[in-house]
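User: Could you take me through some of the terms used for this structure, setting each value against its definition?

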Amino acid sequence: MTLREHDARLEHDPARVVARFFLPGDGLPSSHSRVAQIIERVLAAPRAQIEQKAAELVADLSTRHADAAQLLVDNATALISRVYVAGELTEAQTLVLGATFTAEYAVEGAALCNPSAVEHPSQEGLEPGQLRVAIATRCIGEGHISSIGFAEAVIDESGVWTFAPRARPLTLPRILGTDWSRDHFGRALEHDGHLDDLTDALLSTLPERLTAPELEAALLELPGQLAARPDSREPVRAMRDMIASTYRAEFPRHAPLSGRVLLPVAAEENHGMEDARFVRFTDSDGIAGYRATYTAYDGRAIAPRLITSPDLVDFTIHRLTGSGAHNKGMALFPRLIGQHHFALSRTDGENISLARSSDGVIWEDRGIVHRPTEQWELVQLGNCGAPIETGGGWLVLTHGVGPLRTYSLGAILLDLDDPSRVIARSAEPLLGPAGDLADGYVPRVVYSCGPIVHGGTLWVPVGVGDSHIRMFSIAMDELLDSLLRTPSLSSSG
């Protein structure tokens, strides 16, 4: 039994670009300020040349980006403090200066993969039996840096999946700070090895909810003898980095979902936001919203992070902490179980494990749920997205890694009341990288970050070779009936 392929796919599109603030030579050692010298050259140019160039730049950029002139003005404004000239800049000088420190970035210039499907927040304008789907994607650009993009699709009553045209130009969100609970802030410092006498003492002076200004106020109150100690500098820096690591990303409400993109913001994700696993989560009060985990990568270390959103327009990004928040591939259950949040993870790097939380941000490891069993999963196992609730248990798509680093898809079924118990599993892969599925940016990989159920069918968007996305499906009854009942593999957490 295997998944059935549909004639629907998404290819990576190098023309999907954003314009970002750019500092030439940023991060490279230099004996002089390149920025200051570039500014001097821009301002020394004849006025007629500058005015002509400004008009050309705005006309060019306007064909690819909304509000091009304002974008250039904003980037110029970021450098105004470096401009030491008498008088104000002309409009043309401001535009050219802004363009000089602007660069385009193709968010999926290299690849598009690892999709996660959820019910779209808008179901308006559909025919009976249709469902609109939101798909989060992993966009891979220059330097193999990943960001989170979105696509849209409709499943019709006859079982046809159709991707909607993706919107352009792309829209970046407005980035704002957000708050922490004092307990979570302390746990995060402890999680990263930064809880010591200084941070512990400072925590006791902080309010129950805190933002960067509250932290700075508390730091100012530190006794001078303590604040000036050499060994105080590192914990103070760690606290400032920690408070800044969470943020809100707010998109204009008129921006189409498929035109929105979340680029790395925090230091711990500046080399990539990978493999977001979205779920439509219903809280204990019955209110539904969206949550996701993704893997943050800073070039050296990885960490799972949390996204929450009521509508896929405004997003809050936060840290996850605790013994259950390690490694890649964390996937959230869509509702509370016994008043607790649950998630599947892979804390040891090779087995599917369970994590539990009282607040959704501080997670405790509850032990291994399922170990590699078959030849196609000898290297490691992981989940392929949020568990799906069925009458017989929690259905979890899995990925197994076998010989030749071959990724295949399988499934397990967990007990509804005790998700640490595996009650059934697939003995053979549901999908493997055979034929033309074997080639791509990363060969021998089929991978998903979340299927969706509609009309009795499990729809599975699949990243093929970490290069493009294809669609597969299987009848839920057929899949559940095919699973091998395995009570002997159950384990309690």
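**Terms and cut-offs**

Analyst: At 37% relative accessibility, Arg444 counts as partly exposed, because buried means under 20% relative accessible area, exposed over 50%, and partly exposed in between (1.4 Å probe, protein chains only). This is a predicted model, in which local features need pLDDT of at least 70, side-chain atom pairs count only at pLDDT 80 or more, and totals for chains, interfaces and linings use all residues. Residues are numbered from 1 along each chain as its sequence is written, and side-chain values use heavy atoms, with hydrogens and water left out.

User: Why is Gln339 called exposed?

Analyst: The relative accessible area of Gln339 is 62%, and Gln339 is therefore exposed. Gln339 also has a positive phi, near 70°, in a residue other than glycine.

User: What makes α3 and α4 roughly perpendicular to each other?

Analyst: The axes of helix α3 (residues 68–77) and helix α4 (residues 91–100) come within 7 Å and cross at roughly 80°. Angles of 65 to 115 degrees count as roughly perpendicular, under 35 as roughly parallel, over 145 as roughly antiparallel and the rest as oblique, and α3 and α4 are therefore roughly perpendicular.

User: How do you know that the buried residues of α9 line one face of the helix?

Analyst: In α9, the residues Pro235, Val236, Ala238, Met239, Met242 and Ile243 are buried. Seen down the axis of α9, these buried residues fall within an arc of 160°, so they line one face of the helix; the arc is that of the directions from the helix axis to the C-beta atoms. On the other side of α9, Arg233 and Ala244 are exposed.

Conventions. Axes fitted to C-alpha atoms, helices over the stretch in contact; angles between N-to-C directions. Helix = DSSP H or I, 4+ residues; strand = E, 2+ residues; numbered from the N terminus.
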